[in-house]
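Here is a note for a colleague who is opening this structure for the opening look. Please keep the sequence and the 3D view side by side while reading.

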Amino acid sequence: MATQHSRSAARLMMAPAVVLLLGWMLVPLVMTLWFSFRNYLPLRGGDLGWAGFDNYVRFINSSSFWPSVSTTLIIVGGVLAITIVFGVLLALLLDQPMWGQGIVRILVIAPFFVMPTVSALVWKNMFMDPVNGLFAHLWKFFGAAPVEWLSQASLTSIIIIVSWQWLPFATLILLTAVQSLDGEQLEASEMDGAKPLQRFGFIILPHLSRAITIVVLIQTIFLLSIFAEIFVTTGGSFGTRTLTYLIFQRVLESQNIGLGSAGGIYAVILANIIAIFLMRIVGKNLDA
Amino acid sequence: MARNVTTQRKIINTTAAWVIGLLIFFPILWTILTSFKTEATAIADPPVFLFFDWTLENYQVVNERSNYGRFLWNSIFIAGGSTILGLIVAIPAAWSMAFVPSRRTKDILLWMLSTKMLPAVGVLYPIYLIFIKFGLLDSVLGLTIVLMLINLPIIVWMLYTYFREIPGEILEAARMDGASLKSELLYVLTPMAVPGIASTLLLNFILAWNEAFWTLNLTAAKAAPLTAFIASYSSPEGLFYAKLSAASTMAIAPILILGWFSQKQLVRGLTFGAVK
């Protein structure tokens, strides 16, 4: 009887959080779904009736769709590759005995706490500016012509900025995983004559695989929707228009709500596919 | 001799780690240094590192000219308000899921997490419409609510992983000793839960402070927090390196300091307990 009582109390305590999140998820999503089937142009007559699947077809057939998909994939892939490779190396290095480990850790983690608009602007102006940027000075010092980073190498520039922001996250999580590695196992393999590269390939990397998977999934979800970094650097020009940015432009700049909403639904589906994999891993861990 | 080898390796490790660490930190260091230069020194060719006339002028100018205080206040209010509101909603939920789990607890937790994966841009226009309808556009209150909702799953999750570590036997023992639900909450659970709640508060304050999609899209002049204030420096006429640096330094300094305290919680909070 007491259990019955506490069960209903528990349900009551959960209710506000569940109701709020349900509302937050369903109301806007249903609205987006609705708009995606309408001819909705607020600046040109408002809601002009049903469009069927026209918006979905037009979104995919527009000349900016496939470039935006490849831009998104290049940015996500590039940032993932850089942060995972350097993250593993950094985590292994930071796990070694050294002086001032705590301070180095703080230095490495710091970029994660810088707000996206600040990091994008600092990189854009103080490093990548073709006249006054530090890179320009460095290039000139070595006798090379300064690069106009954000127009000539726009994707590379965005990848550099975003990688700088996310490397700390990858490093921190991988470091946590490295520290849970069984030291005796490594010692035993060393005594059996395993070379450093073998130890890395057969013991360390398999041990890290779960953490790496989690970093990949979480970062992918956040990277698919990076916005501020593009908003304040290139504004989507010079081939940096990602899927997120394309939808943003359709909705707020060209005010074609129907078309933008169809794009939004595509983005939701894409994010869900990745989220399913992440949920499986997190869910498994919950049982353990 | 063995000791000698370790010392040598330790020196190599230390050097490598410090060089890389400083390299990664350099953009932040450079921003802080530039904030103390005059505009002329900031764009000097070749660049000046440490030996210049340090000045606080930029901080004064930013403070006076741009109502910096109001943006700062907006940031504090939005980040703090959304975190506290989130905690009020999340603490009972996480508490009941951790101590009175049912068959559906896991599904509910995973579903909550899945709402976090919803791409913001997909629901931008509906939120925009709702905000206009309720007069919440460019209001501190509206942004506080949105940020509370987007961080709620993380708050529930973090609290859940902390609460789950509190042994249930202690509660049973308290109940056996005749403690009422009220005293159970007040004297047994609360003291054990406070550290977890504090770390959750810290991490979510940081996440809300740095949020840069909704803050950029739902505010204009009135309710803009520091993220939006800094973004206004991207227009060409606002291109003053030293002033940009001073504004940036002020915007990131409080969070850098808070962040250093929350390194450990960061892993737990952002991997939803999947990496410990």
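This is a predicted model: local features need pLDDT of at least 70, side-chain atom pairs count only at pLDDT 80 or more; totals for chains, interfaces and linings use all residues.

The numbered points below go from the contact between the chains to single residues.

1. **The contact between chains A and B.** Chain A puts 84 residues into the contact, and chain B puts in 81 residues. On the chain A side, helix α1 (residues 2-36) of chain A gives the most, with 17 residues. What is the make-up of the side of chain A that touches chain B, by nonpolar, polar and charged residues? It has 66 nonpolar, 17 polar and 1 charged.

2. An unreviewed UniProt entry lists "transmembrane region" at residues 12-37, 73-94, 106-123, 155-178 and 260-282 of chain A. Two of these spans can be set against the model. Residues 73-94 of chain A are 100% helix and 0% strand, and their end C-alpha atoms are 30 Å apart. Residues 106-123 of chain A are 67% helix and 0% strand, with 20 Å between the end C-alpha atoms. UniProt, again in an unreviewed entry, also places "domain: ABC transmembrane type-1" at residues 69-278 of chain A. In the model that stretch is 77% helix and 0% strand. Its end C-alpha atoms lie 22 Å apart.

3. Residues 71-96 of chain B are 100% helix and 0% strand, and the end C-alpha atoms are 38 Å apart. Residues 108-128 of chain B are 67% helix and 0% strand, and there the end C-alpha atoms are 28 Å apart.

4. **Two domains in chain B.** Chain B is divided into domain 1 (2-59) and domain 2 (67-271). Their C-alpha centres lie 32 Å apart. The contact takes 11 residues from domain 1 of chain B and 8 residues from domain 2 of chain B. On the domain 1 side, α1 (2-34), α2 (39-42) and α3 (57-65) of chain B each give two or more residues. The largest share, 3 residues, comes from α1(B). By class, this side of domain 1 of chain B has 4 nonpolar, 5 polar and 2 charged residues.

5. **The largest nonpolar core.** This core holds 158 residues. Ile173(A), Leu174(A), Ala90(B), Ala94(B), Leu152(B), Val156(B) and Leu159(B) touch the most other members. Helix α7 (residues 140-164) of chain B gives the most to the core, with 17 residues.

6. **Helix α5 of chain A.** Helix α5 (residues 116-127) of chain A has 12 residues, which at 1.5 Å a residue should span 16 Å. The end C-alpha atoms are 16 Å apart, so the two agree. Is α5(A) enclosed or open, and why? It is largely enclosed by the rest of the structure, because 12 of the 12 residues are buried. Among the buried residues are Trp123(A), Lys124(A) and Asn125(A).

7. **Leu244(B).** This residue sits in helix α12 (residues 241-261) of chain B. Leu244(B) counts as buried because 26 other C-beta atoms lie within 10 Å, and the cut-off is 20 or more. Leu244(B) touches Leu121(A) and Asn125(A) in the other chain, and Tyr233(B). Leu244(B) and Ile43(B) are 201 residues apart in sequence, yet 12 Å apart in space, C-alpha to C-alpha.

8. **Two positive phi values.** Please check both in the viewer. Gln255(A) is not a glycine, but has a positive phi of about 50°. Gln255(A) is in the loop between α12 (243-253) and α13 (257-287) of chain A, and is partly exposed, with 16 other C-beta atoms within 10 Å. Asp138(B), also not a glycine, has a positive phi near 55°. Asp138(B) lies in the loop between α6 (124-133) and α7 of chain B. With 15 C-beta neighbours inside 10 Å, Asp138(B) is partly exposed.

Methods:
Residues are numbered from 1 along each chain as its sequence is written. Chains are lettered from A and ligands numbered from 1 in the order in which they are written. Two residues are in contact if their C-beta atoms, placed from the backbone, lie within 7 Å. Helices (H or I, at least four residues) and strands (E, at least two) are DSSP runs, numbered from the N terminus. Ala, Val, Leu, Ile, Met, Phe, Trp, Tyr, Cys and Pro count as nonpolar, Asp, Glu, Lys and Arg as charged, and the others, Gly among them, as polar. UniProt positions are given in the numbering used here, feature names are shortened, and annotations may be inferred rather than shown by experiment. Domain bounds come from an automatic or database domain assignment. A nonpolar core is a set of buried Ala, Val, Leu, Ile, Met, Phe, Trp, Tyr and Cys residues joined through C-beta atoms within 7 Å. The expected span of a helix is 1.5 Å times one less than its number of residues. Lists of a residue's contacts leave out its neighbours within four places in sequence.
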